[in-house]
Amino acid sequence: MAQSQSLYAAFAAKIDAVLSSLEKEAVLPAGLARGNVSVEPPRDPSHGDLATNAAMVLAKPAASNPRALADAIVAKLAEDPAIESAEVAGPGFINLRLGPAAWLDELAAIAAHGADYGRSSLGTGRKVNIEYVSANPTGPMHMGHCRGAVVGDALASLLEFAGHEVTREYYVNDAGGQVDVLAESVYLRYSEALGIEIGEIPPGLYPGDYLKPIGEALAAEFGDKYLESSAVEWRPLFRKRAVAAMLQLIKADLALLGIEHDVFASEADLQGAGKPAQAEAWLRQHDLVYDGHLEAPKGKTLEDWEPVELPLFRSTKFGDDQDRPIRKSDGSWTYFGADLAYHMQKAEAADELIDIWGADHAGTVKRIKAAVSALSEGQGKPIPFDVKLVQMVQLLRGGEPVKMSKRSGNFVTIAEMVEEVGKDVVRFTMLTRKPEAQMDFDFAKVVEASKDNPVFYVQYAHARIRSTLRKAAAEGLAPAGNHLDRLGADDLALVKLAAQFPRTVEGAAQAREPHRIAFYLYDLAAAFHAFWNMGNDDPAKRIILTEDPELTGARLFLAQQIGQVVRNGLAILGVEAVEEL
């Protein structure tokens, strides 16, 4: 896949060449670190097109005056025909204004690279494991899982677009007590399918109707074989069948959102392979696990608290308020103990780990990161590990809380959401706020045809472009790149914003923040709509001018490339660029 060097990267290379030239002339000492030299748009667009902090960063280590160094850099940059002007501002910032040719070259680059425009080699050679969703296999996917699912999937696509090799992973919690509860719930539905009156579902079991088909399938296959059996006989089979059925349901729900995982890792298989015991042994060797007693819970007295010796991870060493058990008193693994081993397993095949968790897990982040750091170092290759916390979403309809679902028992399912508003609306909306911020999802507002609805606003920009191209074709007019010099300042303003896409991709990938792409697309859509509206006020600003086929061809070419950038951004987010609305 082709990678396009962004205009910003190209000018960063030019500035780097100027700095090398100044080194040869002894204006700068040789070997100065340039890692903090940046090239980016100035905060105030009236200051120019690009700004660099090169003189500010290098003046002190070069024992030079920042403005004097900036003057020397500007003198060199002024020789570049692509640079219209270079000026020193404030204490030593350098503002550059580019000539039209630079922007027209970038417009041609968008056309040349097409679907690969903005693709980066930033992560080449890096294997990243992203674990997301990982909901307990006890029912259909619901709203509580949706935001993390979309954030994780969009992040995976973003990192792939930025050159990383990504593994999308789902951790199946099929070894805990919740799976026994699932098996008991299915056993009730099995009994029901055989004509037994079960009445109200007892508290603590899963009440949803989605378990009925599993009970019916077991009844059809085994008849009343297990009706009078003890749980010891039926539980292993019912657990296995129930988890398999739930995973099928979960995968189908995720597919409605366009999400597919590469790996479904089983907690039961992990424990069966002895991975937690291996992790414990390594941690003991490095004095990170010891046998000790937990403090009595708050409110408990010595009379009603019996301390039990447990293997404890030294999480206080890493800022936790107490050390944490990795096994329970019955010898089974705690969630934390199993999780340690699971992350150790993931680290064997990755250069970096990213987990997408619900905000309710915030309290465990520090200790799991500390343990993973210790384990990965023990493997001889420290593995960067990041946890992205995603806040819950409140479901509304016209400002009022949404009633719960009958099918699921006590929640609104992803399937119900997608059926009502569509995959693209769900996905884009989930990325219109930073994941750590609270979010309202109002079924009425997310389908509004207004600029206040980012999903519609971005989709409408693309549909408007495609409609314009179809209308032009009907009049015998087509995009043409041979008269781009006819484009004026208003046209080039759009190109300048489009040219920020590759830089936005790299910045979003480095920060691990896919929502930046959604924010950028909204700004690009807003700029295109404003451009379109100028044509309503001034006929000379319209895209299609039948009396001027040369300018029409150039503006159609411009619109076509803006549409391409919108498509590329939406593809990262997993959202379709619609042809019409």
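Buried means under 20% relative accessible area, exposed means over 50%, and partly exposed is in between. Keep these cut-offs at hand for the stops below. One caution before starting: this is a predicted model.

**Stop 1: S134**

Select S134. This residue sits in the loop between β5 (127–131) and α5. Is S134 buried or exposed? Its relative accessibility is 14%, so S134 counts as buried. Now check the backbone. Phi of S134 is near 45°, which is a positive value in a residue other than glycine.

**Stop 2: the largest pocket**

The space inside comes to about 1,100 Å³.

Next, colour by element. Two or more lining residues come from each of α5 (143–161), α6 (177–193), α9 (267–272), α11 (335–347) and β11 (352–358). Which element gives the largest share of this lining? It is α5, with five residues.

Then colour the lining by class. The largest pocket has 20 nonpolar, 23 polar and seven charged residues around it.

**Stop 3: R427 and D153**

Stay with α5 and select D153. R427 belongs to helix α14 (residues 423–430) and D153 to helix α5, so the pair ties together parts that are 274 residues apart in sequence.

Both ends are worth a surface check. R427 is buried, with a relative accessible area of 1%. D153 is buried too, at 6%.

How many salt bridges does the structure hold? The count is 38.

**Stop 4: two other salt bridges**

Select K388 and D386. This pair forms a salt bridge, with the closest N and O atoms 3.3 Å apart. K388 counts as buried at 19% relative accessibility. D386 is partly exposed, with a relative accessible area of 23%.

Move on to E420 and R397. Here the closest N and O atoms of the salt bridge are 2.5 Å apart. E420 lies in helix α13 (residues 414–421), and R397 lies in strand β13 (residues 393–397), so the pair ties together parts that are 23 residues apart in sequence. Check the accessibility of each. E420 counts as partly exposed at 42%. R397 counts as partly exposed at 40%.

**Stop 5: E106**

Select E106, in helix α4 (residues 100–113). What is the nearest side chain of opposite charge? It is K14, 11 Å away. E106 is buried yet has no salt bridge. Show what surrounds it. Leaving aside neighbours within four places in sequence, E106 is in contact with L7, Y117 and A499.

**Stop 6: the second largest pocket**

Select Y8, V39, E40, R503 and T504. These residues lie nearest the centre of the second largest pocket, which is lined by 32 residues. About 740 Å³ of space lies in this pocket.

Which elements give two or more residues to its lining? They are α1 (7–24), β1 (39–40), α17 (501–511) and α18 (515–537). The largest share, seven residues, comes from α17. By class, the lining of this second pocket divides into twelve nonpolar, twelve polar and eight charged residues.

**Stop 7: A26**

Finish in the loop between α1 and β1, where A26 lies. Select A26 and read its backbone angle. Phi of A26 is near 65°, a positive value in a residue other than glycine. Is A26 buried or exposed? At 65% relative accessibility, A26 counts as exposed.

Methods
Residues numbered from 1 in each chain as written. Predicted model: local features only at pLDDT ≥ 70, side-chain atom pairs only at ≥ 80, totals over all residues. Heavy atoms only, no water. 1 Å grid on protein atoms, 1.4 Å probe; cavity = no way out; pocket = protein on both sides within 12 Å on 5 of 7 lines; lining within 4 Å. Points joined across faces, edges and corners; volume = space filled by probe spheres on them. Helix = DSSP H or I, 4+ residues; strand = E, 2+ residues; numbered from the N terminus. Nonpolar A, V, L, I, M, F, W, Y, C, P; charged D, E, K, R; others polar. Salt bridge = Lys/Arg side-chain N within 4 Å of Asp/Glu carboxyl O. Buried < 20%, exposed > 50% of the residue type's maximum accessible area, 1.4 Å probe, protein only. Lys, Arg positive; Asp, Glu negative; His and termini not counted. Contact = heavy atoms within 4.5 Å.
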